[in-house]
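Keep the viewer open while you read.

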Amino acid sequence: MDEMPQRIDPSMDRAAAALLLGCTPDQVGYCARCRGLTRRYGPDAQLVCRACRAAEGAEEPSG
Ligand SMILES: [Zn+2]
C-alpha cells in the first residue's frame, strides 16, 4: 500500500528527522514551502519536502 509522505515538524530533533529522511543530521534543513524538515543539503538535496511534492503531484526540477 502506498504511504503518503508526511511533513516533518521543524520542532522535531534533527537527529530524529535525519533517521526518517535516511540522511545525516548535517543534511537536514527547512522545506522552502512548509518550513518542515527535509533533506535540504547534500547530493540528494531537495528544496521542497516530500510531503509538499506529493501534494503537488509534480516532479518539477528545482529552480
Ligand atoms: Zn514542505
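Contacts first, since they come up a lot: two residues are in contact if their C-beta atoms, placed from the backbone, lie within 7 Å. Bear in mind that this is a predicted model, where local features need pLDDT of at least 70, side-chain atom pairs count only at pLDDT 80 or more, and totals for chains, interfaces and linings use all residues. Numbering starts from 1 along each chain as its sequence is written.

**Overall layout**

The chain has two helices and two strands, and they come in the order α-β-β-α along the sequence. Both kinds of element are DSSP runs numbered from the N terminus: helices are H or I with at least four residues, strands are E with at least two. Of the 63 residues in the chain, 16% are buried. The burial label goes by C-beta counts: a residue is buried if 20 or more other C-beta atoms lie within 10 Å of its own, exposed if 12 or fewer, and partly exposed in between, with C-beta atoms placed from the backbone. If you take the contacts between residues at least 6 apart in sequence, 25% of them join residues at least 24 apart.

**The core**

Which residues make up the largest nonpolar core? Five do: Ile 8, Ala 17, Leu 21, Val 28 and Leu 37. A nonpolar core here is a set of buried Ala, Val, Leu, Ile, Met, Phe, Trp, Tyr and Cys residues joined through C-beta atoms within 7 Å. Leaving out residues up to four places away in sequence, Leu 21 touches Val 28, Thr 38 and Arg 39.

**The loop between the strands**

Cys 31 sits in the loop between strand E1 (28-30) and strand E2 (37-39). Is Cys 31 buried or exposed? It counts as buried because it has 22 C-beta neighbours inside 10 Å. Not counting residues up to four places away in sequence, Cys 31 touches Gly 36, Thr 38, Val 48, Cys 49 and Cys 52.

Arg 33 and Cys 34 are in the loop between E1 and E2 too. Arg 33 is partly exposed, with 16 other C-beta atoms within 10 Å, and Cys 34 is partly exposed with 17. With neighbours within four places in sequence set aside, Arg 33 is in contact with Val 48 and Cys 52, while Cys 34 is in contact with Arg 7, Cys 49, Ala 51 and Cys 52.

Some C-alpha separations from this loop:

| Pair | Apart along the chain | C-alpha separation |
|---|---|---|
| Cys 31 and Ile 8 | 23 residues | 9.4 Å |
| Arg 33 and Leu 47 | 14 residues | 8.4 Å |
| Cys 34 and Val 48 | 14 residues | 8.1 Å |

Arg 35 is found in the loop between E1 and E2 as well. It counts as exposed because it has 12 C-beta neighbours inside 10 Å. Its phi is positive, about 65°, although Arg 35 is not a glycine. Most residues other than glycine have a negative phi.
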